[in-house]
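Please examine the sequence and the three-dimensional structure shown here. The paragraphs that follow lead through a pocket and a group of strands.

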Amino acid sequence: MKYLFSSLLLLSGLTSLAQDAKTINQSGNPIFQGWYADPDAAIFKNKYWVYPTYSARYKEQVFLDAFSSDDLVKWKKHPHILDTAAVKWANKAMWAPAIVQKDKKYYLFFGANDIQSDKEIGGIGVAVANKPEGPYKDHLGKPLVDIFHNGAQPIDQFVFKDKDGQYYLIYGGWKHCNIAKLNKDFTGFLPFEDGTTFKEITPDNYVEGPYMFIRNGKYYFMWSEGGWTGPDYSVAYAVGDSPFGPFKRIGKILKQDAAIATGAGHHSVIINEKKGQYYIVYHRRPLTETDGNHRVTCIDEMKFDADGNILPVKITNEGVKAQKVK
């Protein structure tokens, strides 16, 4: 009994130390509890926000939660900011939210129904709210993209704002990626000069999960490759001179570490421009889990070398140090 009591005290102490570390100086990984994947991150009103997929069976993926933090360490859950009750055409597989603020409104792009052909109802939708935490309502009453263009399944959407203020939708599964020019109120698209609406910008080895940002005048195009339930799931990137490329694949910068976690991928990036800091927010699978849906959301630092190349990210259990936006 004495040994049991001592063991309980030790376990309690370790748990207390872990909690102290998380609440005082480091985020720890995962950054919040629960099965969550495909995180999109943003900064709104001096807070960090993360919008992930609820990682469960497709028929259970009927809502989206959000999480906010003042310091990357303590996270507040905002449950059910959007669900299928507000999106009449969606009934399952609500995936990979992408958030953007425009004209004092917040637009949440999402995939739904995992359509396998043009004959099914579903694709990429848009919801809108007056606050980052919602509640969000369906912006169109129908999908924004509801069929396959250039072979790209309409999922894994990302909204990119270019230097001239133009917003683009970059999306695609099934190893194809498209870019399309959004109109002013995000109700549709504007054609390019050649009359086309969806341009394919698929780089080598692309599978899904596109993300783009600008640094020092260069366009960094990132994506996930490999199988989402497998050990080869990872993040790679390319660099170009415009959002249309051409993009030359540089290499992988995020992958699993057999000592930490498996299947690290489908990410976004928090950019604190004032402090010159970059954080990669991604999902991975704990070593104890074999269920493909048992994924957790994590954060680690992302750094560059003197030539502007992204350095390989070391995935950690510690996460990142506490950091205010300002």
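How many nonpolar, polar and charged residues does the lining of the largest pocket have? In this predicted model, the lining comprises 19 nonpolar, three polar and six charged residues. The volume of this largest pocket is about 930 Å³. Its lining consists of 28 residues, of which Ile 43, Lys 161, Tyr 211, Ile 271 and Glu 273 are the closest to the pocket centre.

The lining can also be described by strand. At least two lining residues are supplied by each of S1 (36-44), S5, S9 (158-161), S14 (208-215) and S18 (261-272). Strand S1 provides the largest share, with five residues.

S5 spans residues 95-102 and pairs with S6 in the antiparallel sense, over six bridges. Within this pairing, Val 100 has Tyr 107 of S6 as its bridge partner. Two residues lie between the strands in the hairpin of S5 and S6, where Asp 103 adopts a positive phi near 50°.

Strand S6 itself covers residues 105-112 and is mostly covered, with seven of its eight residues buried; buried here means a relative accessible area under 20%. S6 is also joined to strand S7 (residues 123-129) by seven bridges, and these two strands run antiparallel. There, Tyr 106 has Ala 129 of S7 as its bridge partner.

Technical notes
Residues are numbered from 1 along each chain as its sequence is written. This is a predicted model: local features need pLDDT of at least 70, side-chain atom pairs count only at pLDDT 80 or more; totals for chains, interfaces and linings use all residues. Side-chain values use heavy atoms; hydrogens and water are left out. Buried means under 20% relative accessible area, exposed over 50%, partly exposed in between (1.4 Å probe, protein chains only). Helices (H or I, at least four residues) and strands (E, at least two) are DSSP runs, numbered from the N terminus. Two strands pair if DSSP finds at least two bridges between them. On a 1 Å grid over the protein atoms alone, a cavity is a set of points where a 1.4 Å probe fits but cannot get out, and a pocket is an open set with protein on both sides within 12 Å along at least five of seven lines; lining residues have an atom within 4 Å of a point. Grid points are joined across faces, edges and corners, and a volume is the space filled by probe spheres set on the points. Ala, Val, Leu, Ile, Met, Phe, Trp, Tyr, Cys and Pro count as nonpolar, Asp, Glu, Lys and Arg as charged, and the others, Gly among them, as polar.
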